[in-house]
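Hi,

Here is the structure I promised to pass on. Have a look at it first, and my notes follow below.

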Amino acid sequence: MDDDTLFPRERVEIAPGAVHLPGWLGRERSADLLAACRAWALPPAGLRTVLMPNGGRMSVEQVSLGWHWYPYGYARTVVDGDGAPVKPFPAWLGAWAGQAVADAGPGAEAAAHAPAALPFDIALVNFYGPGARMGMHRDSDERVPAPVVSFSLGDTCLFRFGTPEGRGRPWQDIELRSGDAFVFGGPSRLAYHGVPRTRPGSAPAGLGLSGRLNVTVRVSGFSAAEDGVPQA
Ligand SMILES: O=C(O)CCC(=O)C(=O)O
Ligand SMILES: [Fe+2]
């Protein structure tokens, strides 16, 4: 069901600085983002699965934009894949993320975050096929506490949002549906979160995506002159 336009669900702050913006993308931006994801997925520096230091492989497939994320750091090239230069981060995606942060309200902007004007410059595109999931983790490889903005397309997922203190309870489970934005900043910037499951087949019929895409937009805090800096 596509309830984005007829019955908009309400903006909900599920934790201080963590705001769910249902249907934020709308139809047009959803279609545009999906088309962009299809182009980003192509090699070189295309969709790949990530080998974790413990020998396991992530069940999601990933593409980075701006800086290439690998466990655990950022590089200019796909150091754990085909070695190609990372694809550029498009300015329009940063503009969307900035708008979503503004719509999320003041709680999502880190009060102590300076310099506040650093632009969004990196994104992680995650593709969830049937059975893919993402364990509880923190987005802690960035250098500044600017908010993270996530956009969802396709299948609905269960999104688990905990606290910065640990990967266990308490947490809140919410549904992220196609077109939703989720912003976490301020006191929730380093909260543990994960995707225990998706609901295969739940994508809106009109979108033309089988599976789930999530695009997570962030501020790296790196300068353009840097190259391949593993983060502490
Ligand atoms: O797929 C999602 O909604 C979350 C993705 C995520 O947490 C990440 O890429 O760090
Ligand atoms: Fe994350």
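In what sense do β8 and β13 pair, and over how many bridges? They run antiparallel, with two bridges between them. (Strands are DSSP E runs of at least two residues, numbered from the N terminus, and two strands pair if DSSP finds at least two bridges between them.) Within this pairing, His137 sits opposite His193 of β13.

Before going on, some housekeeping. This is a predicted model, so local features need pLDDT of at least 70 and side-chain atom pairs count only at pLDDT 80 or more, while totals for chains, interfaces and linings use all residues. Residues are numbered from 1 along each chain as its sequence is written, with chains lettered from A and ligands numbered from 1 in the order in which they are written.

Now the ligand. Around ligand 1 you'll find Leu124, Asn126, Met134, Asp139, Ser150, Phe159, Leu176, His193, Val195, Asn214 and Thr216 (near means a C-beta atom, placed from the backbone, within 6 Å). Two or more of these residues come from each of β7 (122–128), β13 (193–198) and β14 (212–218).

Lastly, an unreviewed UniProt entry lists residues 119–221 as "domain: Fe2OG dioxygenase"; such annotations may be inferred rather than shown by experiment. That span is 0% helix and 44% strand, and its end C-alpha atoms lie 9 Å apart.

Cheers

Methods:
Helix = DSSP H or I, 4+ residues; strand = E, 2+ residues; numbered from the N terminus.
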